Amino acid sequence: MSQASNPSLREGNLLVALGSNATSKAGDPADTVRAALASLDRAPVKVVARSRLYVSPFVPAGAEPDVINAVALCKSDLSASDLLGHLHEIEAEFDRERKVRWTTRTLDLDLLTMDQIVLPDQSTLREWVTLPSKDQQTLAPETLILPHPRMHERAFVLVPAADVAPDWRHPLLGKTIREMLADLPKSDVEAVRPLEA
Ligand SMILES: Nc1nc2c(c(=O)[nH]1)N=C(CO)CN2
């Protein structure tokens, strides 16, 4: 994909969500998220600010262990798709397997936002709809959607995001992180508890 159809980010408001609920080579989930923040803060990405670490029950509720979450405010010149590839490399460093969705994971890195960029852009969408449907199904889970399509309904994303970018405004919903957080049920927000002062 060319740079023109996949705009690169020059500064701030690149938000990455981190989550872990299984032991990795770095240690327990909190150690894993701290180590992943350090891995993230290496060229070609710079971590400008990091949230506190939070613990919350897995969503949807079930037998999964509680999750440690954080959000990092970063800078990078990478394009959105290169950045996603870079995040997948860091996940792999922490033994993450991407075969099973919605389960226990050593490390989950989600690209939440890149400034006001909205993806898929027209050309990605056009490429995608011309694929045979069996290929669409295999590609769909990895299709980069920005802003992250579920961020506005997830307290475990918005609570840490409010530590680093409370005034970032969602380009489609027109609301800031603080405002999206205020729209969530109080019980969802209270379930996300800081691990650190
Ligand atoms: N509390 C919590 N629940 C989740 C999380 C997460 O990071 N934290 N990630 C999920 C899949 O992305 C699904 N459920």
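Mentor: Let's begin with Lys175, which counts as partly exposed because its relative accessibility is 33% (buried means under 20%, exposed over 50%, partly exposed in between, with a 1.4 Å probe and protein chains only). A word on the ground rules: this is a predicted model, where local features need pLDDT of at least 70, side-chain atom pairs count only at pLDDT 80 or more, and totals for chains, interfaces and linings use all residues. Residues are numbered from 1 along each chain as its sequence is written, and side-chain values use heavy atoms, leaving out hydrogens and water.

Lys175 has a partner: Asp183, with which it forms a salt bridge whose closest N and O atoms are 2.5 Å apart (a side-chain nitrogen of Lys or Arg within 4 Å of a carboxyl oxygen of Asp or Glu). Asp183 is partly exposed too, at 48% relative accessibility. Side chains of opposite charge can pair when their charged atoms come close.

A second pair belongs in the picture. Arg178 and Asp167 meet through their side chains in a salt bridge, 2.8 Å from N to O. Arg178 sits in helix α6 and Asp167 in the loop between α5 and α6, so this pair ties together parts that are 11 residues apart in sequence (helices are DSSP runs of H or I, at least four residues, and strands are runs of E, at least two, numbered from the N terminus). With a relative accessible area of 48%, Arg178 is partly exposed, whereas Asp167 reaches 53% and counts as exposed.

The loop between α5 (155-164) and α6 (177-183) also holds Leu173. Leu173 is partly exposed, at 42% relative accessibility. Together with Val118 and Leu172, Leu173 forms a nonpolar patch on the surface, with about 270 Å² of accessible area in total. Patches take residues with over 30% relative accessible area and no salt bridge, joining like charges within 9 Å and nonpolar side chains (Val, Leu, Ile, Met, Phe, Trp, Tyr) within 5 Å; areas come from the Shrake-Rupley method with a 1.4 Å probe.

Helix α5 itself tells another story. Of its 10 residues, 8 are buried, so α5 is largely enclosed by the rest of the structure. The buried residues are Ala155, Phe156, Val157, Leu158, Val159, Pro160, Ala161 and Val164.

Phe156 takes us to the ligand. In all, 11 residues surround the ligand, and Phe156 is among the closest, along with Ser56, Pro57, Val59 and Asn69 (a heavy atom within 4 Å makes a residue near). A nitrogen atom of the ligand lies 2.6 Å from a backbone N or O atom of Val59. The side chain of Asn69 places an N or O atom 2.8 Å from a ligand oxygen, and the side chain of Asp108 has an N or O atom 3.2 Å from an oxygen of the ligand. The protein buries 94% of the 340 Å² that the ligand exposes when taken alone.

Further along, Glu190 and Lys186 both lie in helix α7 (residues 186-190), 4 residues apart, about one turn of the helix. Their side chains meet in a salt bridge of 3.2 Å, N to O. Lys186 is exposed, at 65% relative accessibility.

To set this part in context, the whole structure has 7 salt bridges. The protein chain comes to 7 helices and 6 strands, and buried residues make up 45% of its 197 residues.

Notes: A polar contact is a pair of N or O atoms within 3.5 Å; within protein, one must be able to donate a hydrogen and the other to accept it, and residues adjacent in sequence count only if both atoms are side-chain atoms.
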